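Hi,

Here is the structure I said I would pass on to you. Have a look at it first, then read my notes below.

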Amino acid sequence: MGLRRDGESRGEFGSAQFRRGAALSICLAVLPVFVFASYTSRTSQGKPAMGSPADSAPARQDLQIYFVDVEGGQATLFVTPAGESLLIDTGWPDNDARDANRIAAAAKKAGIAKIDYVLITHYHTDHVGGVPQLAARVPVGTFIDHGENREADDASTEQGFEAYQKTLASGKYKHIIAKPGDTLPIEGIQATVVSADAATISDPLPGGGEENPACKDAPPYPTDQTENRRSVGTWISFGKLRILDLGDLTRDEERELMCPVNKLGHIDIYIVSHHGSDQSNSPVLVDAISPRVAIMDNGAKKGGSPSVWDVIEKSPQIEDLWQLHFSEEGGSKHNVAPEYVANLDGPDAGNYISIAANPDGSFAVFNSRTQKSKDYPAR
Ligand SMILES: [Zn+2]
């Protein structure tokens, strides 16, 4: 199934199936606002008084995921039905704390007053840079990372790492060094580490283990020499739903996870690696995990590579790709239709994408720019 390109659609979904999706989205666009509002009022004011209207508000049963726009970096916030939270990466430093403020706004929307776990995939500035500004705004429980900085000869990487170490050294936080095969101690989802510090899981995960036919035709990728290859990758299971976030893991390490057998199995929601850069997202990975939906945290001028766009479009089970930004490099041929883009060409508005997912495998993707969401029924 091909993706709907920019220009192919003018606000109307092309097929009968997608027109139904559009009608549904009108109801769904209203729902999250109401649910968020009631949830926030309950959690921000603490335990409600007996008999108050908030007492009758049902606890959320869904997993919320916020793809915060940090302009070509990463910041993805998961909030489980148990109310526990995991933030993967913190965006950039500087810019008057733009990224930390956007993460704090997402946390507020999700109804949480604290982020339980902050996972730093690797020490490039667009991932670790926001740590000090975030920690100054939102209480954090535990930081998770892969250990030492392996790119200490790069000045900006070392600077970001040192600022992070200073935050850790305050003694206010717990700290976990992730190893492949670890299960993160977060309640409400199963989050398994599949890669860390250039090591990968040795055995397939549940649902994985099939031979990967793409391996035999795949070129040998050179060994990446940067922190990207060290990325902590996380496989998340929530009921029947499978979600994958590999940070900026490069193609050489993708091969370790995917050849000769696909150790990850099928994925429903793929957080496109490396902002859609072609140093990652090889067909060896993307075809075999065959996601239903892919979310790309690209910037206007970062990631969003046309060749990656093509790989995703050709992957066997793809229904939709959503982009945080219109990709300038992608032009008219390698961008999805505007309703799937959170930030169009032009002045930056910091719009986010969010997902509300259910244990039966159904989920809805919401675009904060259009205020519409699209339903993906359970299979
Ligand atoms: Zn990055």
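**What I found**

Let's start with one spot: Ser195 sits opposite Gly233 of strand E10. Before you go looking for that, note that residues are counted from 1 along each chain, in the order its sequence is written. Also, this is a predicted model: local features need pLDDT of at least 70 and side-chain atom pairs count only at pLDDT 80 or more, while totals for chains, interfaces and linings use all residues.

Now the overview. Of its 379 residues, 50% are buried. Buried means 20 or more other C-beta atoms within 10 Å of a residue's own, exposed means 12 or fewer, and partly exposed is in between, with C-beta atoms placed from the backbone.

How far can you trust it? pLDDT is the predictor's confidence in each residue, from 0 to 100. The chain averages 88, and 85% of the residues score at least 70. Be careful with residues 9-55, though, where pLDDT stays under 50.

Back to the strands. Two of them pair if DSSP finds at least two bridges between them. Eight strands make an open sheet with mixed pairing, in the order E8-E7-E10-E11-E13-E14-E15-E16. E8 and E16 (341-343) are at the edges with a single partner strand each, so one side of each has no neighbour in the sheet.

Follow the sheet along from E8:

- E8 (residues 199-200) and E7 pair antiparallel over two bridges, with Ala199 in E8 opposite Ala196. The two strands form a hairpin with two residues between them, and Asp197 in the turn has a positive phi of about 50°.
- E7 (residues 190-196) has five of its seven residues buried, so the rest of the structure largely encloses it. Five bridges join E7 to E10 (residues 233-238), and the two run antiparallel.
- E10 is also largely enclosed, because five of its six residues are buried. Trp235 in E10 is the bridge partner of Thr192.
- E11 (residues 241-245) is antiparallel to E10, over five bridges, and here Ile236 faces Ile243. Their hairpin has two residues between the strands, and Gly239 takes a positive phi near 55°.
- At the other end, E15 (residues 320-325) and E16 run parallel, joined by two bridges; Gln323 is opposite Val341 in E16.

Which residues of helix H8 (residues 306-314) are buried? They are Val308, Trp309, Val311 and Ile312. They cover an arc of only 160° around the axis, which puts them on the same side of H8; the arc is taken from the directions from the helix axis to the C-beta atoms. H7, E14 (293-296) and E15 are among what covers them.

Last, the largest nonpolar core: a set of buried Ala, Val, Leu, Ile, Met, Phe, Trp, Tyr and Cys residues joined through C-beta atoms within 7 Å. It has 95 residues, and Leu77 and Ile295 touch the most other members. Helix H7 (residues 283-289) gives the most to this core, with five residues. Leaving aside neighbours within four places in sequence, Leu77 is in contact with residues including Ile65, Tyr66, Leu87 and Ile103, where contact means C-beta atoms, placed from the backbone, within 7 Å.

Cheers

Key. Helices (H or I, at least four residues) and strands (E, at least two) are DSSP runs, numbered from the N terminus. Two residues are in contact if their C-beta atoms, placed from the backbone, lie within 7 Å.
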